[in-house]
Amino acid sequence: MVNKYFENLDDEMAMNFSRLKFRSMYVEQILGAQTMLFNDMRQAAGLQNSNLLRKDTLNKSRITKDMLCGWMETLIDILTEYCSPLLTSATKLQDEIDQLKDEKITDQNTVIKLQGQLIEKKSDDLTSVQTTVKSELKSWSSVVKNSCSKALAPKKMKAALKRASEEEDRSQNLVIYGLPEKNDEILEKSVLEVLENIDEKPRIVSCCRMGRTVSDGGPAIKPIKFTLSGSDHVRRVLSKARKLREVEGYDSVYISPDRSAEQRAAFRKLVLEVKQKRLSEPERVHVIRNNKIVSSEKD
């Protein structure tokens, strides 16, 4: 006859005693069988709570010797066939956990030791680098001191500041070359007419005729220097300046940045070079772009 208390117990606990692995479901099954047995014993003894099961509460005429023997046999089977294997497995598992903890502690101590060695080495390396840097700085300090004393001489500083100021002033200026002079010309109006031909209508801050250039075989024409409200407007006008070549009556008029004397000399040199290239390499297109000669194949 099958013992009803064992119906929900996994036989693996009893069959695989030596290889049993601890599982929480086994504990739940054993507790379930125990609860079922104790409930039957409590009901037979007429008790309200299983915690009251004692020798004196079970020693009653209604409880037969056969009943006591059956309960005892069941308890022995639960303890020997199920609880003992599970406890043994739990003990092995705890031993493995303890071993892993010991190994983890050993590994942590090793890591701490290695970190200490690494920090010590970094400290030694840092000390070495600091010594080297101090030595290098000391050797360079005399060189820098001598160089700076020459570079920061009052005359050189004044000249540098003057050049920087002139560059800033010129960044908002443009120059128109080749625009003929008129007796009663309104210069600002003439400049606006030129700019309107390239679809630009910026605010002109000031303008004037300046210098004196002589065209080939023609009368002297003064270039016009004019100032706009910002360098962004200057860049936009310069990006469209080449459109003047396509406008009737303005094919000999061109717009350029306001260059310094050194910059004008360098640009004249570029112009000569690009003319020579156009003669020597007529099969290619040669233009000046960003102060450099750019050559490409003709379409």
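A: Asp-232 counts as partly exposed because its relative accessibility is 49%; buried means under 20% relative accessible area, exposed over 50%, and partly exposed in between (1.4 Å probe, protein chains only). The model is predicted, so local features need pLDDT of at least 70 and side-chain atom pairs count only at pLDDT 80 or more, while totals for chains, interfaces and linings use all residues. Residues are numbered from 1 along each chain as its sequence is written, and side-chain values use heavy atoms, with hydrogens and water left out.

The side chain of Asp-232 forms a salt bridge with that of Arg-235, at 2.1 Å from N to O. A salt bridge is a side-chain nitrogen of Lys or Arg within 4 Å of a carboxyl oxygen of Asp or Glu. Asp-232 and Arg-235 are three residues apart in helix 7, so about one helical turn separates them. Helices (H or I, at least four residues) and strands (E, at least two) are DSSP runs, numbered from the N terminus.

In total, the structure holds seven salt bridges. Another of them joins the side chains of Glu-200 and Lys-240, with 2.8 Å from N to O. Glu-200 lies in the loop between helix 6 (187-196) and strand 2 (204-209), and Lys-240 in helix 7 (residues 231-240), so this pair ties together parts that are 40 residues apart in sequence. Glu-200 has 7% relative accessibility and therefore counts as buried, whereas Lys-240, at 21%, counts as partly exposed.

A further salt bridge runs between the side chains of Glu-297 and Arg-284, at 3.3 Å from N to O. This pair links distant parts of the chain: Glu-297 is in strand 8 (residues 292-297) and Arg-284 in strand 7 (residues 284-289), 13 residues apart. Glu-297 counts as exposed because its relative accessibility is 53%; Arg-284, at 25%, counts as partly exposed. Both belong to a network of salt bridges that links Lys-277, Glu-281, Arg-284 and Glu-297.

The charged end of Arg-259 sits over the ring of Phe-267, 3.6 Å from the ring centre; the rule asks for NZ of Lys or CZ of Arg within 6 Å of the ring centre and within 35 degrees of the ring normal.
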